[in-house]
Each structure stands twice: as structure tokens, then as C-alpha cells.
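Take a look at the protein shown here, and keep it in view while you read.

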Amino acid sequence: MSDGHIDISQINTAFDENTEPLDNLLLALLKAAYKGDMLCRMALVDIDVIEPFSDFQPVIAPAYRAYFMQKAKANAPPKLYVYQKKDKLIMSDDYAAYQLYKELNIHTVPCVIIGSCTIHEGVDLMGKPYILQPPSVDVIA
């Protein structure tokens, strides 16, 4: 863990009461973004503008907490993927990171906004819109 990598064999892939709820809208938006049908934008967002999709409360693994802290100290904390719904940006993909931002009293969160955003207060758009690249996994033998 000290090198910034997560042991993939330790990731829980079971869906039960301890996993994040499924947000079908997020999945549809991500699919469109990966296909290039929808653009994304980086932003620094006030945590008060972000609203979780549900009231799910994750159990944060010590390894993830250490990973998050290491990334935060390196000034590269995990990004939240969000989309606009009315006057909020909805987060439904990383409840553990969201909870740690709240717990550590971090007010400004790096986000990838999927689709357009018309919220101006508390949202600092950065760079130009871009096509979202599919995630990659580094396999360490």
C-alpha cells in the first residue's frame, strides 16, 4: 500500500447491504461519456454543492483510508465523478472518498463533472471539456 497501489485481491466485489447502491443514471452517463457522446469537465467543487445519491454509509477499510491520506498529502486526492441534478452535483460512485472528505473537513473537492453544469456558485470549472477515457488497471505480478 505504501507505493500507492491497491491489492486488487482485497477489493470486495459482492453486492449486499455493505455496498454502494446502484445509480443507473450514473451508469448511463458514464457509458455516453466513454463513447464520446457526452463531454466531461474537471472542476473544484465546494463539498456543500455535492449531494450523495443515497444515504449509504460505507465502512472504510484501513487500507483505503491510508491510500486516501497518502493521496491527500501529495495534493492529489481521489476525484469524485458527479453529474448535475437541479442545483446539486450528485455523487454516487465513491462514498468512501466522499465520507473522508467530510470527516477531514476538506471543503474543496476535485471532481469530474459528467455532462454540462450550470451551477456557478461553489463550482470552479477547470480546463476545457473532454472525452472521458476508459479506466485502466495496472497489474503487478
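The side chain of S92 makes a polar contact with the side chain of D23, at 2.7 Å. A polar contact is a pair of N or O atoms within 3.5 Å; within protein, one must be able to donate a hydrogen and the other to accept it, and residues adjacent in sequence count only if both atoms are side-chain atoms. You are looking at a predicted model, where local features need pLDDT of at least 70 and side-chain atom pairs count only at pLDDT 80 or more, while totals for chains, interfaces and linings use all residues. Residues are numbered from 1 along each chain as its sequence is written, and side-chain values use heavy atoms, with hydrogens and water left out.

Where along the chain is S92? S92 lies in the loop between β4 (88-91) and α3 (95-103). Helices (H or I, at least four residues) and strands (E, at least two) are DSSP runs, numbered from the N terminus. S92 counts as buried because its relative accessibility is 4%; buried means under 20% relative accessible area, exposed over 50%, and partly exposed in between (1.4 Å probe, protein chains only). Setting aside residues up to four places away in sequence, S92 touches E20, D23, L26, F53, Y81 and Y83, where contact means heavy atoms within 4.5 Å.

Now follow the chain into helix α3. Its buried residues are Y95, A96, A97, Y98, L100 and Y101, and they pack against β2, α2, β3, β4 and β5. Just after α3, N105 takes a positive phi of about 60°.

A pair of aromatic rings is described by the distance of the centres and the angle of the planes. Rings of Phe, Tyr and Trp (its six-membered ring) pair if their centres lie within 6.5 Å; planes under 30 degrees apart count as stacked, over 60 as edge-to-face and the rest as tilted. How many aromatic pairs does the structure hold? There are four. In one of them, the rings of F56 and Y95 have centres 5.3 Å apart and planes at 85°, so this pair is edge-to-face. F56 sits in the loop between β2 (50-52) and α2 (62-73) and Y95 in helix α3, so the pair ties together parts that are 39 residues apart in sequence. F56 counts as buried because its relative accessibility is 13%, and Y95 is buried with a relative accessible area of 2%.

The rings of F68 and Y101 also pair: their centres are 5.0 Å apart and their planes lie at 80°, so this pair is edge-to-face. F68 in helix α2 and Y101 in helix α3 are 33 residues apart, so to speak two distant parts of the chain linked by the pair. Both F68 and Y101 are buried. Ring pairs link Y64, Y67, F68 and Y101 into a cluster.

Next, find strand β5 (residues 108-114). Is this strand mostly covered or mostly open? It is mostly covered, with six of its seven residues buried. Two strands pair if DSSP finds at least two bridges between them. Strand β1 (residues 40-46) pairs with β5 in the antiparallel sense over seven bridges, and V45 stands opposite V109 in β5. Strand β3 (residues 80-85) pairs with β5 in the parallel sense over three bridges. There, Y81 stands opposite V112 in β5.

Further along, I131 is found in the segment after β6 (123-130). I131 is partly exposed, with a relative accessible area of 42%. Although I131 and C40 are 91 residues apart in sequence, they are 6.2 Å apart in space, C-alpha to C-alpha. Leaving aside neighbours within four places in sequence, I131 is in contact with A33, G36 and L39.

Finally, step back to the whole protein. It has three helices and six strands, following the pattern α-β-β-α-β-β-α-β-β along the sequence. Buried residues make up 32% of its 141 residues. Among contacts between residues at least 6 apart in sequence, 84% join residues at least 24 apart.

How confident is the predictor, on average? The protein averages a pLDDT of 88, and 84% of the residues score at least 70; pLDDT is the predictor's confidence in each residue, from 0 to 100. Over residues 12-16, pLDDT stays under 50, and the model has one contact beyond four places in sequence for them.
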